[in-house]
Amino acid sequence: MSVSLADYRAAVSTPGAAVPVVTSAVGRFPVAMFSFATLLYVQRASGSFAVAGAVSAGSLVGVALGSVLQGRLMDRRGPSGVLLTVATLFLLGAGGLVAAVETRAALPVVVAVSLLTGLAMPAMPGASRALWERLVPAGPRREAAYSYEAISLEVFFVLGPGVAALLASTPWPGTGTAVAVVATVVGTVGFALSAPVRGSRPLPSTGATLWGAIAGPGMRTIALAGLGFGLVVGAVEVGVPAVAAGLGEPWLGGALLSAWSVTSVLVGVLYGMRPWPRALHLRMPVLVAGFGVLVLTMWLAGAAGSLLLLVIAMLAAGGLITPQTTGHSLVIEVVAPRGAATEAFGWVVTAITVGAAVGQSLAGLVVEAAGAPAAFVAGGAAGVLVGVVLWVRRRTIEGTPSAA
């Protein structure tokens, strides 16, 4: 199944979609901005990157857990009330975090408040994605809607950190954090109060277990795909700045990471028109393994000391980002238990977050031991390995919407 530009237009112009689309964009924009803005805020307030990193890590752990917990609640109770509640808790938590930073509270206290704030950060990506199941019918239009979700989120990941860095340079370094909090709360409340969201009712569940949506083999497979994706991305996010610094051009690291996200957006639209392999149960392992192989070519370029080859290899690898994230949504549509789609997407978000954190940590150790280009070996090898495991498990996600 492929989509056209007309499908993208039809999806976002679906009757009733205008307000959720706009408010969701406002609420999801800070998804990458908040943690980075907080990192810069804490670093400038404390003078320590170690302290800032610990606080930021606490926030990410909270977000990873909150995505699943909030998703489960939204599936069981409907999204509107849950989102309004967590938006309030997030606002209170963020206020407590600012107070802790400004009063120079002990590090364990600041980390704990950061974790709780991340836990309450509204799970807007999952809520926004789940709404499309109710707004548009299955087929090319819904696939275009999922692709829009992935592409817009990628744009936010590009713009968010840049805006955070700009605002952190103002007289009060917490400005970026404050703006991220306000945008999150305003967007979430607007989304939660929109007519389609208020009218959303929980679907009958196929049966709840302690592990929830992740209990199914197909869900574990797509969560593994998210983990592999995160491992590769995390390693690249460490390797690229390290290589750029080694070449005497430290500013280039951020520029290249932004560039590969731009490539992801452009290729993502084109790939949606002519996806390959067409069958999703084959596409997911091929995309993850291909992602790993292209990152391995970045190691060759980095080892050769060729900036041009590194840029080419990185842009090529970036082209496989959006096809993977769109694929995650399409697979979830079939493998998630009935009435648990939002929680299911939360598991994928958690898997990607954990993968990125592990990938960054592993790459950091490898860079220290074997040099900057070695980070791409760690990330690329992880992608290939996960791709092989996904191929072995491919039957667990067979029969997904694009399999025909």
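A cavity, in the sense used in these legends, is a set of grid points inside the protein atoms where a 1.4 Å probe fits but cannot get out. The views below are all taken from a predicted model.

**Figure 1. The largest cavity and the residues around it.** About 90 Å³ of space lies in the largest cavity, and the structure holds 4 cavities of 30 Å³ or more. Rolling a probe the size of a water molecule over the atoms shows where empty space is left. The lining of the largest cavity is made up of 14 residues, and those that lie nearest its centre are Glu143, Ser147, Tyr271, Gly272 and Thr326. Three helices, α8 (140–168), α12 (252–273) and α15 (321–335), each supply at least two residues of this lining, and α15 gives the most, with 5 residues.

Figure 2. Glu333 and Arg142 form a salt bridge in which the closest N and O atoms are 2.0 Å apart.

Figure 3. The side chains of Glu133 and Arg129 meet in a salt bridge, with an N to O distance of 2.8 Å. Both residues lie in helix α7 (residues 124–135), where they are 4 residues apart, about one turn of the helix. Arg129 is buried, with a relative accessible area of 1%, while Glu133 counts as partly exposed at 26%. Side chains of opposite charge can pair when their charged atoms come close.

**Figure 4. The salt bridge of Arg395 and Glu398.** The closest N and O atoms of Arg395 and Glu398 are 2.9 Å apart in this salt bridge, and the count for the structure comes to 5 salt bridges. Arg395 is exposed, with a relative accessible area of 53%, and Glu398 counts as partly exposed at 41% relative accessibility.

Figure 5. Helix α9 (residues 175–193) has 19 residues and reaches 27 Å from its first C-alpha to its last, close to the 27 Å expected at 1.5 Å a residue. Its buried residues include Thr175, Gly176, Ala180, Val181, Val185 and Phe191. On the surface, Val22, Val26, Val182 and Val186 form a nonpolar patch with about 330 Å² of accessible area together. The elements that give two or more residues to this nonpolar patch are α2 (18–28) and α9. Val186, in helix α9, counts as exposed because its relative accessibility of 51% is over the 50% limit.

**Figure 6. Helix α13 and the glycine that follows.** The 25 residues of helix α13 (residues 280–304) should span 36 Å at 1.5 Å a residue, and the end C-alpha atoms of the helix are 36 Å apart, which agrees. Helix α13 is followed by Gly305, whose phi is positive, near 70°.

Key:
Residues are numbered from 1 along each chain as its sequence is written. This is a predicted model: local features need pLDDT of at least 70, side-chain atom pairs count only at pLDDT 80 or more; totals for chains, interfaces and linings use all residues. Side-chain values use heavy atoms; hydrogens and water are left out. The expected span of a helix is 1.5 Å times one less than its number of residues. Buried means under 20% relative accessible area, exposed over 50%, partly exposed in between (1.4 Å probe, protein chains only). Patches are made of residues with over 30% relative accessible area and no salt bridge: like charges are joined within 9 Å, nonpolar side chains (Val, Leu, Ile, Met, Phe, Trp, Tyr) within 5 Å. Accessible areas come from the Shrake-Rupley method with a 1.4 Å probe; for residues, only the protein chains shown count as cover. A salt bridge is a side-chain nitrogen of Lys or Arg within 4 Å of a carboxyl oxygen of Asp or Glu. On a 1 Å grid over the protein atoms alone, a cavity is a set of points where a 1.4 Å probe fits but cannot get out, and a pocket is an open set with protein on both sides within 12 Å along at least five of seven lines; lining residues have an atom within 4 Å of a point. Grid points are joined across faces, edges and corners, and a volume is the space filled by probe spheres set on the points.
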